[in-house]
Every structure is written in structure tokens, then in C-alpha cells.
Amino acid sequence: MNPPLLKLTNVNKSFGPIDVLYDISLEVKAGEVLCLLGDNGAGKSTLIRIMSGVHTPTSGTIEMNGKVVAFKSPRDASEHGIATVHQFGGTFPLMSIGRSFFVGAEPTKGWGPFKRFDRVRANDIAVKAVQGLGITRIDDGDRLVGGLSGGERQALAIARAVHFGASVLILDEPTAALGVKEAAHVLRIVLQARRKGIAVIFITHNVVHALTVGDHFAVLIRGAKAADFKKGEKSREEITDLMAGGEHMAELEAEIESYMAVHDAP
Amino acid sequence: MNNQTQRLSLGSLLRRPEAGSFLGLVAVFIFFSIFGGSDFASLTGAASWLNVAASIGIVAIPIGLLMIAGQLDISIGSLIPAGSMTLAIVSGHYHAPILVGIAAALALGAVVGLLNGLIVVRTAVPSFIVTLGTLFAVAGLTLGLSVLLTGTTSVAIKPGPEAKWMLGQFIGGLYQVTILWWIAAALLFGFILHYSPYGNWIFAMGGDQVSARNAGIPTERMTILLFMSSGVSATFVGLSQAILYSSAQVSAGQSYIFNAIISVVVGGVLLSGGYGSVFGIVLGTLTFAIVNQGIYYTPFDANWASLIIGILLLLAVVLNNTFRKVALTHAPAKGKAKK
């Protein structure tokens, strides 16, 4: 069997005296969606930063295709094929779709010092890439990214990652700021990326979204991996309970209900 | 794929960064044509504001590029007189060949720009503060060294005919040759910003420095180069003024700081970076120069010029914000989006 595309073994991270991650071991294979679940402050962001080369782990190893790697920078990680898409997708709201798609890798025409940014080609490729993900509403590469909807921006960012040959796609809360319809669209794009053989790491605290696309799940609680299971092994309620840190959501709900009953009483 | 050719329509023109500054320029021009009479619009009148615009414009363009990249450089205020004095001291006081003086002045701009860039990149202190520091440091150095070396704060220089022809002549007796240098600078920086791939990097840096760096853009090198270009352009303006007036003074540049920034902002550049155009900066500079000089052609007292400029700046910012919003929210009409 092929080694996993990305594998973390016993990764620890501490900032000075503060331990943020303990002994995290994860793996994701090509064409698989790994959902990373966790409440706010569970260490999801730090884990993303380690996988995308922003932080280096204090101890533990990262392997890609069975080989140990150490990312020196986000640039280094992306050269290894790891692409990270943040919650708000494109970060250049005042740039055109074509220009922002090719930031740092501009297609040019012409020669020597007269090399020019090939606007027409850039727009063409960017628009085709986004339309390839099912966003047919985008047909003008000169439009500014800031004018796109949240879902369209996610789609643009994912299309960009796929175009530049990402093999591991880290999506940081891609659906958090979206409406129901837009979120559904992004989830469909995640499945499309998976079908292309990309390993997707999907970070979310929305259990429904995770269950829709995930093949494999890991729950983070206070910096440690609390659970690791495959699709169908756990129910939605069980996962929600886990994320709440073992405290039973039912208890919490009962508490709220009794509080409401007392305070809303006429 | 008919969408891939730039659609020329009134709408697409309004969505360009220079839309606001173009309307501003037209309004200001009409205003002064009415109140300034025929003198304002005459060749002599045009020369008075074109000459002013040219020297501001040469520094405003690189300042604008810096602002698009998310930085600011106010050290130009003392680099302009420093450039004048360097040339005057090297070639006037010490009688070195004029080319040596010019090279020395430009090198000074490059070195101070390099220093600005290095400090901004290494310390991450906002560039306003860093260049405020170098503004004062360079002003002090210029004053101190001038007095130390020449014993005076104003040095005369006798530029040869070639230097005069290149940098200090009046074309047709009216138009300063710096206007041509301004056009050259606009073409050069316009190509860099809007056509070369580096322009894309500058916009990306102003949009989001961290993402730009992660995308593989050498943001530090670009930042330093931009500061160097604004430093060199400032000393260039300084030395060309020394050649034009055949003398240099220690303090003759502070007004450029605000004049250049006003021109850039009126020209549609977003103060926080990521948006703007060289053509807009040129229009903004023209607008500023017309107000600055046009007032002398009107029956109004010249003291009112600053009031007009202040109001103009505020109007321009509001107008540019509106046009930027229009550009942002622009989506093709529903009918067109269907295939």
C-alpha cells in the first residue's frame, strides 16, 4: 500500500513554557478527506500552521510520501505541494481575479526587460479553473476579488491551489462564514478536489459539514487528539459531545432549559 | 470568450482607479478657466502649473508606488534639498565635474532609500515613523555638513551648457525640461506597475504582505527597491532644481512631503495600499498644481489656495472611495453571466 501523502507522528508544539499541542499523530492519503474537528482554542490553528510551514514542531516528525520533511517556511511547504486556504479565501480584495490567481507566478509575454504580465491568458486560465469547480457565474477575470461572494472566493482560492499542483489542500474553516447554500457549494468543491486525488484536510467545528465530506475524523481537545475514527463509526451526537470536551451537551442543554424556564416565566 | 477583451464602456471607465481624479481634474480646470480668464488657459498659464506639476510629479510617482505597496516615505522632504546641496557642494564648491556631482546626489538618494528600506524590513516599525526619523536625520546632516564644509547654507553652482540642456532649460522659453523627465518617469513606472509582473507583486504586497510573501514574492527586496527609487527620485528633483536655479539652499523641500502625498491620494491611490494607478497619480498631480498655481490667475487672494486644496483632498478621498466601491461590487449583469 502507498504511504500516506502527509503523516504527522507525535508532534508537540510549545511556545516557551506553554504547551499547545501534545503528541499529535495524523495521516491523510491521496483522495481522502480528513476532518479536523475541535472547539475554539483546541489547537487547530497551531496545527494548521505547523502543516503549512509557519511554525516548526518542537518535537515529532512530518512525513510526505514516506519521507521526513522539515518545512523552513510557508513557501517551502507550498513547494512540497501543501496549499492552505484560509477562511476568507482570497486575501487581495482589490486585485482582479486574473491578477490575484497568479500572484507570485505571473504568466508573461514578450522578451527581456519588456516582459509583460499576460492579462488575457491569466484571466482565461483563472476563469476556466474556477468554472471547472462549478462556479459558472464568474466569467470576467477583470472583476475584483472583493466583489465575489464568500463561497466564490473560497472556490477561487481552491481552484488556485489545484491549478498550481497542490497535493495536500488544507482548508481552514472554509464554511464558517458562509450561508447554507454557499456552504453546500464549497462542500461539493471539496469532494471534487478529493476526486482529483488530492488529500484534503478540512478544519471545521461544524459537525454536519464534516460528516458530509469526511472519510476520516480527528477531534482535538485542548491540544491533544481526543479521538480518531473513520466514517460511520460515530454518530453526530457522539462527535458533538466529544468536541464539547467530554461534557455532555445534553446536560448543558438541560441546564439552559431550566435557566430559561426560570427567567422567561411570566 | 468575448469577455477577455477589455470592455470599453462608460461603466468600465468609472471603475478604474483614476476615475475620481479625472473628474476632479476636469472640474478644477473648468473652475479656473472660468475664474482665471484667458491667461490661465494660455501657454504661459499652462507652463506655470505644468512646471510645478513636473517636479512634484517626479517624486509623487515612486511615492505612489510605495503607498500602493503599503508603505510611506516622507524623508523625501529633506532628500530634495540634500540632493541640491550635494550637487552644489561637490560640483559648485569643490568644482568637481557636474557628472560626479549628479552621481553623488543620486547615490545619496539611493543610500538613504536603502537605509529606509532596510530599517522598515528589519524592524517592522511603520515606515511613517522610520522615514520621519530619516527626514530629520538627513535635514540635520545636510545643514551640519553644509555649514561645516562651505560655511554657508546656500551654495552657488555654475552648471555647464550640457547640464543646463539636460536638466535646467526652458523649452520654448516657458516649459521646464523636467516636464519631459516627468513623462519619462510616468512611462517607466507605469510600465512597471501595470504591465510588468513586478507590478502584480506591488499590488499584492499592499493587499496583504504576509500572503504576498507566502506566494513567493521577495517582499523585502521589493520594499527596499521601492524606497530606493523614491530616494533617488527625490535627490533627482533636488539636483535638477540646483541646476535650474544655479544655486542650492539647505531648506527647500518640506512642502514636497504633503504636496506629493496629496497628489497621490487625489490620484486615487488607497492610503492603506493595494489600489491605485500611475495615470491617476499624474492626474492628481496636475489637479494639485492647477489649484496651487491657478489661484494666481483668479481675482481671489492666493491665501485661499490652501482652503481649496484641503476641500479638494477631502472630496477626492470621498469620491475615490465611492468609485472603489463601485468597482468592488461590480458584477456582470445577470443576462450576460449566462452562457
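Visitor: What should I know before I look?
Guide: This is a predicted model: local features need pLDDT of at least 70, side-chain atom pairs count only at pLDDT 80 or more, and totals for chains, interfaces and linings use all residues. Residues are numbered from 1 along each chain as its sequence is written, chains are lettered from A and ligands numbered from 1 in the order in which they are written, and side-chain values use heavy atoms, with hydrogens and water left out.

Visitor: How many helices and strands does chain A have?
Guide: Chain A has nine helices and twelve strands. Helices (H or I, at least four residues) and strands (E, at least two) are DSSP runs, numbered from the N terminus.

Visitor: Why call chain A compact?
Guide: Its radius of gyration, taken over C-alpha atoms, is 20 Å, close to the 18 Å from the globule rule for 266 residues, so chain A is as compact as a globular protein of that length. The rule is 2.2 Å times the number of residues to the power 0.38.

Visitor: How much of chain A is buried?
Guide: Buried residues make up 47% of its 266 residues. Buried means under 20% relative accessible area, exposed over 50%, partly exposed in between (1.4 Å probe, protein chains only).

Visitor: New topic. How do S1 and S2 of chain A pair?
Guide: Strand S1 (residues 6–15) and strand S2 (residues 18–28) of chain A pair in the antiparallel sense over seven bridges. Pairing needs at least two bridges found by DSSP.

Visitor: Which residue is the bridge partner of A:Ser14?
Guide: A:Asp19, in S2(A).

Visitor: What's in the turn?
Guide: S1(A) and S2(A) form a hairpin with two residues between them. In the turn, A:Gly16 has a positive phi of about 60°.

Visitor: And H4 in chain A, what span should it have?
Guide: Helix H4 (residues 119–132) of chain A has 14 residues, which should span 20 Å at 1.5 Å a residue. The expected span is 1.5 Å times one less than the number of residues. The end C-alpha atoms of H4(A) are 20 Å apart, which agrees.

Visitor: What comes just after H4(A)?
Guide: A:Gly134, with a positive phi of about 95°.

Visitor: How far apart are the ends of H2 in chain B?
Guide: Helix H2 (residues 19–41) of chain B has 23 residues, but its end C-alpha atoms are only 23 Å apart. A straight helix would reach 33 Å.

Visitor: Where is the kink in H2(B)?
Guide: The kink is centred on B:Phe35 and is about 100°. The bend at a residue is the angle between axes fitted to the seven residues ending there and the seven starting there.
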